[in-house]
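Subject: Structure handover and what was found in it

Dear colleague,

I am passing the structure below on to you, together with an account of what was found in it.

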Amino acid sequence: MTTRLTILLFAALLPLTTTYATTKQDILNESIAGTHGRLNYRYVAAENVTQDEKLPLVIFLHGSGEAGTDNKKQLASYMHPLYDTIRTNSRYKAHFLAPQDPTPGYTRLHHGFIDHILNTYDNIDPNRVYITGVSAGGVGTLESLAHFHNKIAAALTLGAPMSLPAARMMAQNPTPLWMIVGSNDHIVPLNNIAKMYNQTQYHGSQPRLTLIPNQGHWDWDRMYSQAPGYTNHFIGGSPLNNNLTDIYDWMFTQKLDRQTVNTPRPLHTGESIRIDFGLEENFAQNSQSIQNPNNYWNDIVRNNDWPTYDSSNPDNNILIKNAITTTGHKTKISITLNDAFRFIQSNNIPNNTAFDDTIMNDSWVVGHNWQNRQGKLLITGLEVDQTYNIKIFAAASITDTQQSLLGTYTLGEASQTWDLQNTATPFIEFENITTNQFGQLLLTISTTPGNFAHISALEITAIPEPNTLAAIFILTALPYIRHRTH
């Protein structure tokens, strides 16, 4: 009797155990199936939603390996931590949608897709539609953001290959974007990520970038589950979100009707911008160590060793638009290449304590016995009535150590000669520099035959005008003067 009772109890418990183990996949496989245009999709509504409750919608875009027409393959196991989070964590309660593209490539939402979902299913908050994708789905996320930014509140990509057209288009809107990529991703080289990140910044956006050391192209489930080292660190992004280091906190905080546009403005007194010169393949690795959410850099990167001047198309010479301050605010300041440098030298020997050494590893070089012994950079967007302190940084040595590192640096009407091999000073500084009537300054770096001159970084700080400083001193000292005269 005891044995029979034990068997019956075991049999009664077995279905419960089996059901629990397969519940998630069953829900996904048997979720609502739909089609819009060429895209099949699976939709899972959030549980226990009241009639008038509006919840976010999370759209997941698969990689190329999950393409097909079965409308189930896109529900890959690597997205389960994402699904689990919004299914089980009340802070991130949301509806879930996973389209499937029929052919390998990138999965992009097509015209009218989001409107179709909003009109078909109830209880979706139109101001909190989020999109995330991996690999080819990451490209699809960027493409979707470029075309439907007014429908998407935030976007997250994991291992997304480069799409420069999407970068240029999506940068015209303020939608928050977070890009996560591995440093050893053989599918997405670092120089491609550098181009993507730089293009979005160049065109006015402020994306976040997280570079995961020693990470390849996979492990997306660990990224979605926020394993240690996979999130909670980034460069760039809006300073308004600096306290949001968790990908889900960051995503679910964003709302379409509350997006704040970081409008370009003048550089305020006391503010600085910092500009790093370099090569694209060095950008991402260097930036991981030199940047943090409270110390924004503007990275001038070129895709080859020759920073040439394009006389036929002036726009090609613009290196930085709307440079970002060290607190993350856009300015009106831009940097334009006004005359070609000779080449870009990487892997210099740093000799600088002001910044992390990695920022000094690249330099833009003029000189030696080449024809172009000077390079020119035009700084625009400065204020006519504002004065500035400008620091120019350079590495201690370049590869050809047989040549002297002697250059002349001219800024406006001021000029300084700098011998890098015979000084321990990591920078030269121009103080109380005034702009021309257009709010511009021309920086010229030149040298003589047999010498090199170069620049690794630039810092521009707005300061009070000398007369203003005198007035501040007088006003501060006035009570003391009055006291002594009575």
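A residue is called buried here when its relative accessible area is under 20%. Asn 71, with a relative accessible area of 6%, is therefore buried. Please keep in mind throughout that this is a predicted model.

Most residues other than glycine have a negative phi. Asn 71 sits in the loop between strand 3 and helix 2. A second residue of this kind is Asp 219, which is not a glycine either and has a positive phi of about 65 degrees; Asp 219 belongs to the loop between strand 8 (208-212) and helix 7 (220-224), and with a relative accessible area of 31% it is partly exposed.

As for the protein overall, 54% of its 486 residues are buried, and the chain holds 10 helices and 23 strands. Among the contacts with a separation of 6 or more, 74% are between residues 24 or more positions apart. The accessible surface comes to about 21,700 Å², and carbon and sulfur atoms account for 51% of that surface.

Turning to the sheets, nine strands form an open sheet of mixed pairing, in the order 1-2-4-3-5-6-7-8-9. Strand 1 (32-36) and strand 9 (235-236) stand at the edges with a single partner strand each, so one side of each has no neighbour in the sheet. Helix 4 (residues 136-148) packs on this sheet, where it touches strand 3, strand 5, strand 6 (154-158) and strand 7 (177-182), and the direction of helix 4 makes about 140 degrees with that of strand 5.

Within this sheet, strand 3 (residues 55-61) is mostly covered, with seven of its seven residues buried. Strand 3 runs parallel to strand 5 (residues 124-134), to which six bridges join it; Leu 55 has Ile 124 as its bridge partner there, and Leu 57 stands opposite Val 129. Strand 3 also runs parallel to strand 4 (residues 95-100), in this case with three bridges, and Val 58 has Phe 96 of strand 4 as its bridge partner. Together with helix 2 (residues 80-88), strand 3 and strand 4 make a right-handed β-α-β unit.

The loop between helix 4 and strand 6 contains His 149, which is partly exposed, with a relative accessible area of 31%. Leaving aside neighbours within four places in sequence, His 149 is in contact with Ser 144, Asn 173, Thr 175 and Leu 256. From C-alpha to C-alpha, His 149 and Met 170 are 7.1 Å apart in space, while 21 residues separate them in sequence.

Another open sheet is formed by six strands in the order 12-13-16-21-18-19, with antiparallel pairing. Its edge strands are strand 12 (318-320) and strand 19 (414-419), each of which pairs on one side only, and neighbouring strands of this sheet are turned by 25 degrees against each other on average, direction ignored. Strand 16 (residues 374-380) and strand 21 (residues 441-446) run antiparallel and are joined by six bridges, and Leu 378 has Leu 442 of strand 21 as its bridge partner.

Finally, the aromatic side chains form 18 aromatic pairs. In one of them, the rings of Tyr 43 and Tyr 121 have their centres 4.0 Å apart and their planes at 15 degrees, so the pair is stacked. Tyr 43 lies in strand 2 (residues 39-44) and Tyr 121 in the loop between helix 3 (113-120) and strand 5, so the pair ties together parts that are 78 residues apart in sequence. Tyr 43 is buried at 2% relative accessibility, and Tyr 121 is buried with a relative accessible area of 12%.

The rings of Phe 341 and Trp 364 have their centres 5.5 Å apart and their planes at 75 degrees, so this pair is edge-to-face. Phe 341 lies in the loop between strand 13 (334-339) and strand 14 (343-345), and Trp 364 lies in strand 15 (residues 363-367), 23 residues apart; both are buried. Ring pairs also link Phe 60, Tyr 78, Trp 218, Trp 220 and Tyr 224 into a cluster.

With best regards

Terms used
Residues numbered from 1 in each chain as written. Predicted model: local features only at pLDDT ≥ 70, side-chain atom pairs only at ≥ 80, totals over all residues. Heavy atoms only, no water. Buried < 20%, exposed > 50% of the residue type's maximum accessible area, 1.4 Å probe, protein only. Helix = DSSP H or I, 4+ residues; strand = E, 2+ residues; numbered from the N terminus. Pairing = 2+ DSSP bridges. Right-handed = clockwise from strand over helix to strand, strands pointing away. Contact = heavy atoms within 4.5 Å. Axes fitted to C-alpha atoms, helices over the stretch in contact; angles between N-to-C directions. Areas by Shrake-Rupley, 256 points an atom, 1.4 Å probe, with all protein chains shown as cover. Phe/Tyr/Trp six-rings, centres within 6.5 Å; stacked < 30°, edge-to-face > 60°.
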